[in-house]
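Hi,

Here is the structure I promised to pass on. Have a look at it first, and then read on for what turned up.

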Amino acid sequence: MRSISARTAVAFFGAALTCGALAAPSGAANRSLPRVPGTAPQPGPAALYEPLAKAPQLENARRSGWTAKPILISGASAYRTGEYLYQGFIYDDRGAKEATDPSNPMHSPGGDASGGDLFSAPDGTYDYPSGPGYDENAADLVELRVKPRRKTTAFRITLNTLENADLVATAIAIGGTEGQSHPFPFGANVSAPAQYFLTVHGTTAVLTDAVSGEPVPGPAPAVSVDMTRRQITVQVLHSEWNPGSSTVRLAAGVGLWDSSTGSYLLPEAERTATEPGGGGEVPNPPAFYDVAFRSNEQEPVPGTPSGETTADPAWWREAAQSKALASGDISAFHADVDFSKLAAKATDESGVPQSGAMDRILASHFAPGQGADYATGGCGSAAECVGAMRGQLLPYAIYVPEGPAPASGYGLTLLLHSLSANYNQYEGSHNQSQFANRGSGSIVITPTGRGPDGWYYDHAGADTFEVWADVAAHYHLNPSFADIAGYSMGGYGTYKFSSQFPDLFARAQPTVGPPALGIWSPPAEPTGGLRSLTQRMLASVRNIPFLIWNQTTDELVPISGVREQVKRFDELGYRYEFDEFHAGDHLTLSINDEYKPAAEFLGTETVNPNPAHVSYTYNPTMDFPADGTTAGHAYWVYAIALRDGSGSAPLGTVDVRSHGFGKGDPPANATETGAGALTGGQIPAIPYSSQKKTWGPAPSAPKANALDITATNVSQVSIDAKRAKVNCAAQLNVTTDGPLQVTIAGCPHGESVTRSFG
C-alpha cells in the first residue's frame, strides 16, 4: 500500500477493525506472524498484520529500464538482473567531522534538550539551511545503481528527500588507479582516484576529465529527474566513455549545490536560512554530506557507552565517513564494478550481509513529510508523536544469529532504545548479541521510534510493529517465540507494549525502565501524566514473567517509583524477579554491558495463546486508531469497552477464568529475597539485592462449561468460546460494578450469544 495520510489511515484502519482482523500478508509473513484461529482479533495491534507498504523510492518506474529489486540492507551491494546496486545508510548525511553548529536542531528536538541527541549524535557535524527545500536531509543517498545499455552507461541516484533537484549535487568518480587521487570538480574539496568525474545537479550533468579538470568534449550526459520516486538518472554516451567488459572503480558523494556560483554550497560555522552549518572555522570544508560505497564492515558500530562513544560516536553508522571527509580523501570507499558480470546479467549477492549486526530499510505506511524535522519534531508526550524522522523510508537495527536458520524459525526479541538514543544504540553490545545467541537463535530488532524521544506513542509506537512485520516478511520466525526488552525509555516501552498487547510476548525484561513517561516519584503523579503510568495496567501481564533491573541511585529513574511498580507485581501474585543494583547511576548497566543472566531469563519460552485465566486492563488513551495500534483485547478476551471513558486517564479491567481447561490457577509462592553480584562485564562486580515471586504447578480441577468474570468500569466484553474451551451455554459467574454485556462468540454455526448483567 502507498503512503497514506492520517485521514486515510483513520478510514482504512477503522474499516479494517470493523470487519475483524486485517488481511494477512502473503508468503513468509503468513508463517512468521502470530496466527490464532477464532473470533478474537489476532495477537497485538492491527498494524502488525497490515501488508507491507510500498515507497516510491524503492520502485522502478515502468519502461525505465531498471528492474532489479532494492537490497534494503544498508552498506550492501549486489549484481541483480544486469544492474549493480549499492544500498546506502539513511539519515547518515552529516558530512565531515569539523565543529558542531550550536544551533543544530538535533541537539534539542522541538526545543527540548531532554530529548536531544546525547546518545544519538552524529559524528559528522554538518546540518542544513533552515530555509525551504532542505528538510534537514536533502543530501541523503538511499541507493546508487549502474547498468550498461546499448549506447550508454546509465547511473541512477535515489535520494531520501528531494523537493528541489537544483539544491543538491551528486558526483561520481569513474575509473582511476589506487593511490592516485584527484580533486572532485566544482569546489568539492574532496579527492579520490578517478579517470573521470560525473557531476549531476538539477537536470544538468558534466563529465570532467580528472587529470585536466576540463569537461570532456562532446554531448553532455543526459539527465532525467523523477520527483515522485526521488530518483535521478544520468546516461553517459559510450562515445564519451565506454566501460566495455572491464572492471571499473566507482566512488561517489552527495552535497548541496549553489546555483548562483555554479559550485557546491559549503557549510559555514552556523546555519542560516540559506547556508548550512557545522563547517567550523575551516575555510574550505568538504562539500559532501553522504558518501557511497561504504560497506557494513567499514562503518563502526557504537559499542557500549563511554567517553569515546560520545566524543567519537557511531550511532548513525557514519563515523568512518565523517573522518574520511574531514581528511579530504574518500579513497577507502569505492566499488569495483565488473561490467562483464553486468553484460551477462549475473547474480552475485556476496556483498549482502547475512548475519550479525546490520541496518535494514523499510517503507512505512506513514509519510508525514520528507526528511526530518528536529526543529519542531520533539515528542515526549502521551498525546501525540509524529516524530523527528518524517520520511516514509525508515531504518532499523537488526541482529541475525550466525549459522543456518532453525527449522522452526528464529525467535524475535524487541530491544527498544532509550531516550536521546537511536536505533543503533545496541549494535556492538552484548545486550544485542547475548539476546540473539540464545537457544536456537533470536533475531533482535531495534526500531527508530521515529526519533530519540517518542516514548513509543503514536507514530513512534506504530513503527515498532511495522518493523516487526517487515522482519516477518524477510525472515522465517517462530511466531510464539517472542520477547520484549529495552533500556530506560525502552524499558518503559517494554512495560507499555506488554500491558497493551500481552498475547504477543513470552517474557519481558526492562532495564532501568521508568514505570511512566518521564519521572515518577510517588505519591506525585508522573511528569508525563497519570494516563502513561503502566503500574495501573499490570493486571494485563498475568501470563508474562518479568525480570526487572534498576539502580538504587539512578538519577533519572527514581527508585521509589520502581519499588511501587514491583509492589504491584507482588500484590497481584505475578511472576517477577526484581534485581536492585546498589552501585552506579542510570548508565552503569549499559556501560557494564553484561546481559547473560537476562538472556538466560528470556530463554526459549514461548507464548501460550490460550491460557486458562486472562486478566486485562484497558487504557484507551494509549490507542491511536489512525496508526492501527488500538488495543482492548488479549488472548481470547476482546471487544472490551469502558463504561465511563471520561477524564484524562480512564481505565477498565476485566478478569476471566475458564473452567473449560480443567486447571486451576498456579499457586503463587511466597516472595523470596536474596542478594548477589553481576559479574562478567566491564565492571568486575555490581552488587544487587533481589526479590522475586514464582508459581507452583497449576492444579487439576474439574472441567466445566463455565466462566468466572470480574469487571470494573467495563460495559462490554466478548469471549472466543472455542479458545476459552466453553460453548454458548456456558454458566457465567459475573461480578461487576455496573451494567455489563458479555458476548460469547464462535458457537456452532457461527452464532453468538449476548447476556446482560448488573
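Before the first finding, a word on classes: Ala, Val, Leu, Ile, Met, Phe, Trp, Tyr, Cys and Pro count as nonpolar, Asp, Glu, Lys and Arg as charged, and the others, Gly among them, as polar. Please also keep in mind that this is a predicted model.

With those classes, the lining of the largest cavity comes out as 5 nonpolar, 6 polar and 1 charged residues. The residues in question are Gly303, Thr304, Pro305, Trp315, Gln425, Tyr426, Ser429, Asn431, Tyr487, Ser590, Asp593 and Tyr595. The volume of this largest cavity is about 80 Å³, and the count of cavities of 30 Å³ or more comes to 6.

The largest pocket has a volume of about 770 Å³. It is lined by 33 residues, and Lys69, Pro70, Leu72, Arg360 and His474 are the closest to its centre. Sorted by class, that lining holds 20 nonpolar, 7 polar and 6 charged residues. Which elements supply at least two residues each to the lining of the largest pocket? Those are strand S16 (356-363) and helix H7 (458-474), and S16 gives the most, with 4 residues.

Next, have a look at strand S4, residues 152-159. How many of its 8 residues are buried? The count is 8 of 8, so to speak a covered strand. On one side sit Thr152, Ala154, Arg156 and Thr158, on the other Thr153, Phe155, Ile157 and Leu159, and both faces are covered. Strand S3 (residues 141-148) pairs with S4 in the antiparallel sense over 7 bridges, and a hairpin of 3 residues joins S3 to S4. Within that pairing, Leu141 has Leu159 of S4 as its bridge partner.

Helix H4 covers residues 319-327, and its buried residues are Ala319, Ala320, Gln321, Ser322, Ala324 and Leu325. Strand S14 (288-291) is included in what covers them.

Most residues other than glycine have a negative phi, and most peptide bonds are trans.

- Phe293 has a positive phi, near 60°. You will find Phe293 in the loop between S14 and helix H3 (307-311). Is Phe293 buried or exposed? Phe293 counts as buried because its relative accessibility is 5%, and the cut-off for buried is under 20%.
- Lys345 has a positive phi as well, near 55°, and lies in the loop between H5 and S16. Lys345 is exposed because its relative accessible area is 60%, where exposed means over 50%.
- Pro522 and Pro523 are joined by a cis peptide bond, with omega about 10°. Pro523 belongs to the loop between strand S21 (507-511) and strand S22 (546-551).

A few loop residues are also worth a click.

Gln370 is in the loop between S16 and strand S17 (393-400). Its side chain reaches the backbone nitrogen of Leu162 at 2.8 Å. Leaving out residues up to four places away in sequence, Gln370 touches Asp135, Asn160, Thr161, Leu162, Glu163, Arg230, Arg390 and Gly391.

Gly351 sits in the loop between helix H5 (339-343) and S16. Gly351 counts as partly exposed because its relative accessibility is 29%. Beyond residues up to four places away in sequence, Gly351 touches Gly75, Ala76 and Ser77. From Gly351 to Ala704 there are 353 residues along the chain, and their C-alpha atoms are separated by 60 Å.

Pro215 lies in the loop between strand S9 (204-209) and strand S10 (222-226). Setting aside neighbours within four places in sequence, Pro215 is in contact with Val206, Leu207 and Thr208. The C-alpha atoms of Pro215 and Gly529 are separated by 63 Å, and the two residues are 314 residues apart along the chain.

Over to you, and happy browsing!

Definitions and conventions. Residues numbered from 1 in each chain as written. Predicted model: local features only at pLDDT ≥ 70, side-chain atom pairs only at ≥ 80, totals over all residues. Heavy atoms only, no water. Buried < 20%, exposed > 50% of the residue type's maximum accessible area, 1.4 Å probe, protein only. Pairing = 2+ DSSP bridges. 1 Å grid on protein atoms, 1.4 Å probe; cavity = no way out; pocket = protein on both sides within 12 Å on 5 of 7 lines; lining within 4 Å. Points joined across faces, edges and corners; volume = space filled by probe spheres on them. Polar contact = N/O pair within 3.5 Å; in protein donor to acceptor, adjacent residues only side chain to side chain. Contact = heavy atoms within 4.5 Å.
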